[in-house]
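Please go through the following briefing with the model at hand.

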Amino acid sequence: MLTETINEAIKQAMLQKEKEKLNALRAIKSELLLLKADNPGTEITEEMEIKMLQRMIKQRKEAAETYKSQNREDLYKEESQQAEVIASYLPAQLSEAEIEAAIRQIIAESGVTDIKGMGKVMGLASKALAGKAENKIIADKVKAMLS
């Protein structure tokens, strides 16, 4: 489970006085606690943890872009570093070639031949590639292959 890993990483970051990393790890721990509170009595699955981490990364990247556009380099750097720390707890990301191969296989298995079936392919692809690729990349590849 992610909770034990994060707790250990927080201890290490405290010992090594890594302030930026510690802030990101505490944010992950906070989100994990919120996830558990929002789902009482249910087991927190790896899929739920991955979605939570992806959402956190997306938030950090959006905030970083906002700060960059406002010429706040200090805050941009902090958000970018947090996104990198959080991303390190996701499963290994697939390469573009691996993503394309997986999508080709999903298209072949589903029998979809045109853009009208994009929703069906996206549903299958998002589930199959959860945590291994960003949904935006998946959507772009599916759209390109079906067009």
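The crossing of helix 1 and helix 2 is left-handed, a term used where the near helix is turned anticlockwise from the far one by less than a right angle, with right-handed used for clockwise. This is a predicted model, in which local features need pLDDT of at least 70 and side-chain atom pairs count only at pLDDT 80 or more, whereas totals for chains, interfaces and linings use all residues. Residues are numbered from 1 along each chain as its sequence is written, and side-chain values use heavy atoms, with hydrogens and water left out.

**Helix 1 and helix 2**

- The axes of helix 1 (residues 2-15) and helix 2 (residues 19-38) come within 9 Å and cross at roughly 155°, where axes are lines fitted to C-alpha atoms, for helices over the stretch in contact, and angles run from 0 to 180 degrees between N-to-C directions.
- Helix 1 and helix 2 are therefore roughly antiparallel, given that angles under 35 degrees count as roughly parallel, over 145 as roughly antiparallel, 65 to 115 as roughly perpendicular and the rest as oblique.
- In their contact (heavy atoms within 4.5 Å), residues of helix 1 including Ile 6, Ile 10 and Met 14 meet residues of helix 2 including Leu 25, Ile 28 and Leu 32.

**Helix 2 and helix 3**

- Helix 2 and helix 3 (residues 46-69) have axes that come within 11 Å and cross at roughly 130°, and the two helices are therefore oblique to each other.
- The crossing of helix 2 with helix 3 is right-handed, and its contact involves, among others, Ala 27, Glu 31 and Leu 35 of helix 2 and Met 52, Met 56 and Arg 60 of helix 3.

**Overall fold**

- The chain has seven helices and zero strands, these being DSSP runs numbered from the N terminus (helices H or I, at least four residues; strands E, at least two).
- Of the 147 residues of the chain, 33% count as buried, meaning under 20% relative accessible area, with exposed over 50% and partly exposed in between (1.4 Å probe, protein chains only).
- The C-alpha atoms fill a box of roughly 55 × 45 × 25 Å along the principal axes.

**Helix 6**

- Met 118, Val 121, Met 122 and Ala 125 are buried in helix 6 (residues 118-128), and because these buried residues fall within an arc of 100° seen down the helix axis, they line one face; the arc is that of the directions from the helix axis to the C-beta atoms.
- The buried residues of helix 6 pack against helix 5 (96-110) and helix 7 (135-146), while the face turned away from the buried side carries the exposed residues Gly 119 and Lys 127.
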